[in-house]
Amino acid sequence: MAISSLPCIQPVRVPLKACSFFPAGVCGGFNNKKRINAVLFSSLRKISNDINIESKVDTLLDSIKWDDKGLAVAIAQNVDTGAILMQGFVNRDALATTITSRKATFFSRSRATLWTKGETSNNFINIYDIFVDCDRDSIIYLGKPDGPTCHTGSETCYFTSIGDLFKEQEVEETNLALTTLYSLEATISKRELELAGKHGKPSWTKRLLLDENLLCSKIREEADELCRTLEEKEDSSCTASEMADVIYHAMVLLRRKDVKIENVLEVLRRRFSQSGIEEKQRRASTES
């Protein structure tokens with residue numbers, strides 16, 4: 001279940017005097033009754049909406065299966081990369097504060113107090129959405145971090161591979177738990193630093209990075225082959241294979257241009273709520 005749109009909740013206090021509804025100068029004389037009524041009804045609607053939102057949040061908090069200490073697990077996840085950033089615990093107040101502030105907030109069991117990620121480092125996690133699991137006993141904060149999440153300076157708190165521990169290898173903070181796309185990006189970056197391959201010749205990735213004409217021609221070639229799988233009605237496995245080639249070569253170009261795939265995904269996320277026409281108009285106004 002997703003908690004969408006994350007309303008900004010303010011404490012609701014019903015004014016004791018009618019004049020507190022009105023902007024300065026309106027209360028003097030009550031000459032403009034229509035204006036007064038319009039402002040009054042608008043204010044009453046806002047109070048009604050605030051009460052309704054607060055009621056929905058209370059209902060949500062009541063539905064969470066808090067443990068015997070009033071806590072639940074909360075996991076922070078990068079909205080663009082999917083990386084698991086960190087895990088903490090939340091109580092009712094921490095979750096309500098996160099919904100209100102849109103900053104990932106947790107409950108410290110050792111200090112018995114709320115804390116917001118980034119309150120000392122300024123590396124806040126800005127929340128875009130919140131999910132609860134099917135049992136309502138764990139929570140995901142889906143957000144965008146302002147900087148490294150781990151206190152060690154690592155991007156995430158998860159850089160220790162069990163496989164490395166079994167091999168008794170030294171743990172490296174750059175060895176993050178990467179999904180396929182980000183593993184490919186990391187591999188391309190490593191190839192860029194290599195002087196030569198096993199037989200004294202540069203790898204294919206290195207060759208592409210060194211020759212932009214070769215790289216661009218391969219991207220056009222692979223894109224054409226991808227289109228032909230549709231035009232020539234080839235099976236889905238061919239389409240997947242050709243798309244993999246397009247993604248790989250396009251990501252080599254990103255590396256050449258020093259653009260991260262995360263930047264690309266962020267652009268896509270921002271376009272979700274825009275039509276194609278709106279996006280073209282925005283780009284046209286930026287270029288002009």
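**Working through the model**

Mentor: Start with Val57, which lies in helix α1 (residues 33-63); helices are DSSP runs of H or I of at least four residues, strands are runs of E of at least two, and both are numbered from the N terminus. This is a predicted model, so local features need pLDDT of at least 70, side-chain atom pairs count only at pLDDT 80 or more, and totals for chains, interfaces and linings use all residues. Residues are numbered from 1 along each chain as its sequence is written, and side-chain values use heavy atoms, with hydrogens and water left out.

Trainee: Is Val57 buried or exposed?

Mentor: Val57 is buried, at 11% relative accessible area. Buried means under 20%, exposed over 50%, and partly exposed in between, with a 1.4 Å probe and protein chains only.

Trainee: Switching to α7. What is its span?

Mentor: Helix α7 covers residues 236-256, 21 residues in total, and reaches 30 Å from first C-alpha to last, close to the expected 30 Å. The expected span is 1.5 Å times one less than the number of residues.

Trainee: Which residues of α7 are buried?

Mentor: Glu242, Val246, Tyr248, His249, Met251, Val252 and Leu254. Their cover includes α4 (180-193), α5 (204-210), α6 (212-231) and α8 (261-271), where contact means heavy atoms within 4.5 Å.

Trainee: What follows α7?

Mentor: Asp258, which has a positive phi near 60 degrees.

Trainee: Now the strands. How do β4 and β5 run?

Mentor: Antiparallel: four bridges join β4 (residues 105-108) to β5 (residues 113-116). Two strands pair if DSSP finds at least two bridges between them. Phe106 stands opposite Trp115 in β5. The two strands form a hairpin with four residues between them, and Ala112 in the turn has a positive phi of about 55 degrees.

Trainee: What about the chain as a whole, how many helices and strands?

Mentor: Nine helices and seven strands. Of its 288 residues, 31% count as buried.
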